[in-house]
Amino acid sequence: MTEKRATAQAHPNIALIKYWGNRDDYWRIPANDSLSFNLEGLWSRTTVIFRPQLSQDRLWLHGREISGTGLTRAQRVLDRVRRWAGLKWYAEVHSENNFPTGTGIASSASGFAALAVAAAAAAGLVLSEADLSRLARLGSGSAARSVPGGFVLWRAGQHDEDSFAYTFAAADHWALADCIAVVSTQPKAVGSSHGHTLAATSPLQAARVADAPRRLALVQDAILRRDFDQLAWIVEQDAHLMHAVMQTSQPPLLYWQSASIEVMHAVRAWRAAGRAVAYTLDAGPNVHVLCPASLAPTVAADLAQLPGVAEVRVATVGGPARVLDTSGTSA
Ligand code: DP6
C-alpha cells in the first residue's frame, strides 16, 4: 500500500452561547456548555495523506507550510487517529478555506473539524459523530461544534470521553442568517487558546459560568420554538458576559473597535424599531448580526453603510462536516 488519503469539508460555526475558559486546557474540557450553528457557504477543505515514507507530519494552509503551534495542534488529532487505527505512518495535510483568513471568521473550527473527519476517513476508521467531535476538539474546542450539522450543543462533560457536540435541531429547522460585519482584517493580538487560559483571572468568570445553564436553556428553547425576540436578548447578554470576562481578565483583552460599538448601537436601534436583529461577537472586533434569512439582504445592505464596516458576509445555517473524496487511497 503506497498511501491512504481522504478529503473532507466542514463549515465554521457561530456560538450563541459562548465557550470561554477551560476546566482542562490540555484536553479542552470547557468551563461551560456552548451552543452554535454552522455557517453555510463558508467552508474549510482538508486533505490528509498518510504515507509510509514520510519521517514527520507536515501541514500546508493555502499552499504555505505551517510549523509551530498550528502543526502541533494538528498532530494531536493525527496522533489519536494513528493510535485508534494502529497506523504508524506520518501524514501530509493540505487545507484551504473559501473565506479569506483575517475576515474574523474563525477558521480553526472548520479547519480542525475537516482535519478530524479527513484523517479518520484516510486511516479507514469508521467513527461515530460523537467520536469525530471529540477528535476535532483536541485541535480546537469550537471545532467540536463544526462536526455535527445545523443547531449544535456541546456538552462540556467531565472527561475527554463525554465532551462532544451533537445536533439538537436540523439545519432546516429555522431559516436564520448570520450577517458578518467585518470591521477589521488585522490578525488579533491575543488568540483564543491563550485567551481561554486567562478567563479564570477575571472575577466575573465564575458568575458567567454559573449562569450559563440558564442562558443555554433559554436559547435552546428560543430556537426550538423559533422565537427571535427571546433569542435576541439572551444571545446579546451571553456575548456581553464573555466580553466582560475578557475585559476584566489579567491582562485584560479588549477586542472591540469603535466600529464594533457603532454596529452594536445600530442593531439595538433597529430592533427597538421592530426589526428582528441581534448581535454577537467572538474573540475579535467583527460583529455577527443574526436575523431571519428573509431579512438578510436588507440587513447586510444597511450594515455595509455603517461607518467602519469594510465588508459584510452572509451565511445561513449549514450542515455537518463530511468526507468529499477517498478516491486517492491506493493499494
Ligand atoms: C470566542 O475554539 O477558537 O469563538 O479551543 O483554543 O481553539 P481553542 O479556542 P476556540 O475558542 C472559541 C472562542 C469563541 C467562542 C465560541 O466559539 O464559543
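Which two side chains meet in a salt bridge of 2.8 Å, N to O? Keep that in mind as you go through these close-ups of a predicted model; the answer comes in the first one.

**View 1. A salt bridge between Asp160 and Arg134.** The side chains of Asp160 and Arg134 are the two that meet, with 2.8 Å from N to O. This pair ties together distant parts of the chain, 26 residues apart. Asp160 sits in the loop between strand E10 (151-155) and strand E11 (164-169), while Arg134 belongs to helix H3 (residues 129-139). Both residues are buried.

**View 2. Salt bridges with partly exposed partners.** Across the whole structure, a search turns up 21 salt bridges. One of them joins Arg225 and Asp221, whose closest N and O atoms are 3.1 Å apart. Arg225 is partly exposed, because its relative accessible area of 46% falls between the limits of 20% and 50%. Asp221, at 31% relative accessibility, is partly exposed too. In another salt bridge, the side chains of Arg313 and Glu311 come together at 3.3 Å, N to O. Glu311 has 30% relative accessibility and so counts as partly exposed. Salt bridges can also share partners: Arg80, Asp131, Arg134, Arg137 and Asp160 are joined in this way into one network.

View 3. A polar side-chain atom of Arg28 is 2.8 Å from a ligand oxygen, and one of Arg73 is 2.7 Å from a ligand oxygen. For Ser142, an N or O atom of the side chain lies 2.6 Å from an oxygen of the ligand. The ligand on its own has 460 Å² of accessible area, and the protein covers 96% of that.

**View 4. Helix H1 from end to end.** How far apart are the end C-alpha atoms of helix H1? They are 24 Å apart, which agrees with the 24 Å that 17 residues (69-85) should span at 1.5 Å a residue. Several residues of H1 are buried, among them Leu71, Arg73, Ala74, Val77 and Arg80. Here is a handy rule for reading such a list: an α-helix has 3.6 residues a turn, so residues three or four places apart point the same way.

**View 5. Two loop residues with positive phi.** Arg28 is not a glycine, yet its phi is positive, near 50°. Its place is the loop between strand E3 (22-24) and strand E4 (29-30). Is Arg28 buried or exposed? Arg28 is buried, because its relative accessible area of 11% is under the 20% limit. His62, also a residue other than glycine, has a positive phi near 50°. You will find His62 in the loop between strand E7 (58-61) and strand E8 (64-66). At 44% relative accessibility, His62 is partly exposed.

View 6. The bond that joins Gln250 and Pro251 is a cis peptide bond, with omega about 0°. Pro251 lies in the loop between helix H6 (228-247) and helix H7 (258-272).

Terms used
Residues numbered from 1 in each chain as written. Predicted model: local features only at pLDDT ≥ 70, side-chain atom pairs only at ≥ 80, totals over all residues. Heavy atoms only, no water. Polar contact = N/O pair within 3.5 Å; in protein donor to acceptor, adjacent residues only side chain to side chain. Areas by Shrake-Rupley, 256 points an atom, 1.4 Å probe, with all protein chains shown as cover. Helix = DSSP H or I, 4+ residues; strand = E, 2+ residues; numbered from the N terminus. Expected span 1.5 Å × (residues − 1). Buried < 20%, exposed > 50% of the residue type's maximum accessible area, 1.4 Å probe, protein only. Salt bridge = Lys/Arg side-chain N within 4 Å of Asp/Glu carboxyl O.
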